Structure formats: structure tokens, C-alpha cells
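Student: Could we go through the aromatic rings in this one together?
Tutor: Gladly, have a look at it here.
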Amino acid sequence: MPSNLILFNKPFRVLSQFSAEGDKSTLADFIDAPEFYPAGRLDFDSEGLLLLTNQGALQHIIASPDFKMPKTYWVQVEGDISDSALEKLRQGVELKDGLTKPAKAERMAEPDIWERSPPVRYREAIPTSWLSLQIREGKNRQVRRMTAAVGFPTLRLIRYAIGRYTLENTEIGQWKHIEPTDILLKEVTQFEEQRKRKTATSNRRRPSEKGHSRPQGNKISHGEGVARRKPSSKPASRSRRK
């Protein structure tokens, strides 16, 4: 039986969704797996590792920063990145929406990877360099904003790893079923047990109306702080989903 987890190497300019949006490429152009959805997202103009699942608990744990699955990016930046810039990334960078958590940042050689289409713009007078950047949070377009904040704009962004999952042996545009790691399965078990405990506690606290008659007229029973409201003739409205 296929597993609950899919690993996909997302190409450049592909939306991390199955639903159509104009003439943009989506996951539906590459993946035929009903009931699977992305666990988190990867920007349209970013490449690399995207995990998908058909299990709600797995999706929550992979996508939520609360579980702190580290995400490792290979980043090509404009200019020869300096030691001081790397140190700033390691300490945390002040962005408009707050200070980022300390990251692991290391200079790296240009990786032996697929050609991007279209390619990164080339400027003979301006060198480029690569770094490996590992973060444990998920601010919007965080990596791009971090490198720009230290003076080295991102030219190409590839997510190489999420936790222990990597792009190793997965060509661009390819996907495959993978098995959850023992650590991930443990997180899922703990999350589901915690959710069951919360549900059970909530049910115990909820007062039962079976076998109890409501007070008549305007009388309010001991400990009841709110009188009954008259039933409304208007139907309840549903909030719009965004």
C-alpha cells in the first residue's frame, strides 16, 4: 500500500496547489494522487522539496512552526557573501514583522543540480555565491528577506531538506511515496493523543441536559448567570471561508 506521504521536487514557477489559477502551472500538472495535499507551501518562484500527505495530523506537524521541523535551503545570492553577513543570519535578522530566530548559515560550493528554466540572470561584473541556510520558522518569503536584509539579494532559492527528508535521488518534477520517519510517527502519535485528551476534557466539562428540566418562566436556577433568550426567527448566518 502507498504511504501517507509524498516527496516532490517542485520546479520553478509552479504553484504549490492543485487548483487552477490563470495559466500558471500547478501540482496537478505533475502529481496524480487523489486526496493528497501540500503540507506547507513553497513559493511560486522557489524550487525544491515539497511534502504532501493525505493525513491531517501529518499535514499539521510538517507545516506548523510549533513542531520546529528544520528546513534547509540552498540559496544563490548576488555578490560574494561575506563572513559578517553569515554571522548576522546566524544571530537573527530584524525584518518588518520582527526578529528572525537564529539560523544555521554556511557558505557552500555551487551544487551540481538541474538547470533552471528560465535561467538566473547573468551579470559579468557582479559575482554570485551560494549558501546553505537552515531555519525553523515560516515567515512569508523569509529566506529572500533575510538575505536582502544583510545585503545579498536572493537570485535562486531551492529547498533541499525538511527534517530528514532531502532531494537526494529525486529529479526535478519527480515525485514518490516515502515512509514517515520514526520521529515523525512519534510526533503524530503524541499529537493525536493530546487532541483526544483535550476532546475528552471538553466533553466532561460540558453540562448534560439529559434528565434535567429547564427552569420555568423567568426563574434562574442557583449558579445560572444568564436568563434564557427568546428564540430568533432569523436563520443563523455562516461566516465566509477565506
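Student: Is Phe 8 buried or exposed?
Tutor: Phe 8 is buried, with a relative accessible area of 0%, where buried means under 20% relative accessible area, exposed over 50% and partly exposed in between, taken with a 1.4 Å probe and protein chains only. Please keep in mind that this is a predicted model, in which local features need pLDDT of at least 70, side-chain atom pairs count only at pLDDT 80 or more, and totals for chains, interfaces and linings use all residues. Residues are numbered from 1 along each chain as its sequence is written, and side-chain values use heavy atoms, with hydrogens and water left out.
Student: OK, and how many aromatic pairs are there?
Tutor: The count comes to 2 aromatic pairs, if rings of Phe, Tyr and Trp (its six-membered ring) pair when their centres lie within 6.5 Å, with planes under 30 degrees apart called stacked, over 60 edge-to-face and the rest tilted. In one of them, the ring centres of Phe 8 and Phe 30 are 5.7 Å apart and the planes are at 45°, so this pair is tilted.
Student: How exposed is Phe 30?
Tutor: Phe 30 counts as partly exposed, at 30% relative accessibility.
Student: And what about Trp 74 and Tyr 160?
Tutor: Trp 74 and Tyr 160 form a stacked pair, 4.2 Å centre to centre with 10° between the planes. Trp 74 is buried at a relative accessible area of 17%, and Tyr 160 counts as buried at 18%.
Student: New topic: which residue lies over the face of Phe 12?
Tutor: That is Arg 116, at 3.9 Å from the ring centre, the rule being that NZ of Lys or CZ of Arg is within 6 Å of the ring centre and within 35 degrees of the ring normal.
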